[in-house]
Amino acid sequence: MPIVVGVQFEAVGKVYDFNANGYFDLTNKDYVVVDTSKGVEVAQVVNPPHVIDPAQVVGEMKNVLRKASAWDMIQRDLWKKKEQEALALCRNKVREYNLQMKVIRCDYNFSGGRLLIYFSSDDRVDFRILVRDLAKIFRTRIEMRQIGVRDEAKLLNGVGKCGRQLCCTSWLREFTPVSIRMAKNQQLPLNPDEISGVCGRLLCCFSYEDLYYKEQ
């Protein structure tokens with residue numbers, strides 16, 4: 001039976017299972033170095049080593065390579081500090097080329113060999129000239145990833161109508177489908193300003209009590 005470790009690559013992010021690879025003493029909040037399809041990365045343990053059914057394994061399962069050392073964490077933090085500089089420069093370049101896109105965040109990988117740029121846009125954007133320019137400046141591989149408004153809110157964080165931190169940045173790891181039918185089931189006024197979150201989409205919290213209202 002496979003023994004796996006559940007890890008997250010960012011706070012309140014999706015949980016991925018990796019082969020424990022003999023590191024059975026890992027506990028919650030430990031940091032590990034893992035092998036991914038895009039290279040070596042540092043991740044945080046959220047589910048300690050546990051057994052799963054082989055049928056749950058989809059595709060090739062990657063391994064935990066080692067517990068993260070102090071040097072691993074220093075290296076990760078060094079690249080994290082450079083992300084804000086990269087973000088500012090990317091935004092300046094977007095304005096320079098007059099591209100109709102909004103740069104949300106920049107993420108370096110563990111080795112600094114790849115810079116992932118998250119952006120949002122209402123239309124298709126030809127950013128080839130931007131990628132070539134940034135590759136020359138940063139001397140690393142540039143990847144662009146377009147995200148939707150809900151993902152944008154999750155990355156930027158904020159405060160919801162309830163006065164609390166957004167669910168998607170405080171505990172909600174993955175978005176669930178939300179429909180206008182849920183608002184109707186709860187007899188809420190169908191005013192877009194009242195039933196929309198900061199992302200402009202229907203409030204995620206409609207799904208939390210939907211089953212209760214369906215049973216009434």
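**A loop residue, aromatic pairs and a pocket**

Modeller: Gln 186 lies in the loop between helix H5 (180-185) and helix H6 (192-195). Helices (H or I, at least four residues) and strands (E, at least two) are DSSP runs, numbered from the N terminus. This is a predicted model: local features need pLDDT of at least 70, side-chain atom pairs count only at pLDDT 80 or more, and totals for chains, interfaces and linings use all residues. Residues are numbered from 1 along each chain as its sequence is written, and side-chain values use heavy atoms, with hydrogens and water left out.

Biologist: Is Gln 186 buried or exposed?

Modeller: Buried means under 20% relative accessible area, exposed over 50%, and partly exposed in between (1.4 Å probe, protein chains only). Gln 186 has a relative accessible area of 14%, so the residue is buried.

Biologist: Which backbone oxygen does the side chain of Gln 186 reach?

Modeller: Gln 186 touches Phe 206, Glu 209, Asp 210 and Tyr 213, not counting residues up to four places away in sequence; contact means heavy atoms within 4.5 Å. At 2.9 Å, its side chain reaches the backbone oxygen of Phe 206.

Biologist: How many aromatic pairs does a search of the whole structure find?

Modeller: Rings of Phe, Tyr and Trp (its six-membered ring) pair if their centres lie within 6.5 Å; planes under 30 degrees apart count as stacked, over 60 as edge-to-face and the rest as tilted. The search of the whole structure gives a count of 6.

Biologist: What kind of aromatic pair do Phe 119 and Phe 127 form?

Modeller: Phe 119 is buried at 3% relative accessible area, while Phe 127 is partly exposed at 24%. Their centres are 5.6 Å apart, with 75° between the planes. The pair is edge-to-face.

Biologist: What is the angle between the planes of Tyr 212 and Tyr 213?

Modeller: Tyr 212 is partly exposed, at 49% relative accessible area. Tyr 213 is also partly exposed, at 29%. Their edge-to-face pair is 5.5 Å centre to centre, and the angle is 85°.

Biologist: Which residues are closest to the centre of the largest pocket?

Modeller: The largest pocket has a volume of about 1400 Å³. Among the elements that each supply at least two residues of its lining are strand E4 (39-51) and helix H1 (70-96). Of the 45 lining residues, the closest to the centre are Phe 9, Glu 10, Tyr 16, Tyr 118 and Arg 145.

Modeller: On terms, a pocket is an open set of points on a 1 Å grid over the protein atoms alone, where a 1.4 Å probe fits, with protein on both sides within 12 Å along at least five of seven lines; lining residues have an atom within 4 Å of a point. Grid points are joined across faces, edges and corners, and a volume is the space filled by probe spheres set on the points.

How values were computed:
Polar contact = N/O pair within 3.5 Å; in protein donor to acceptor, adjacent residues only side chain to side chain.
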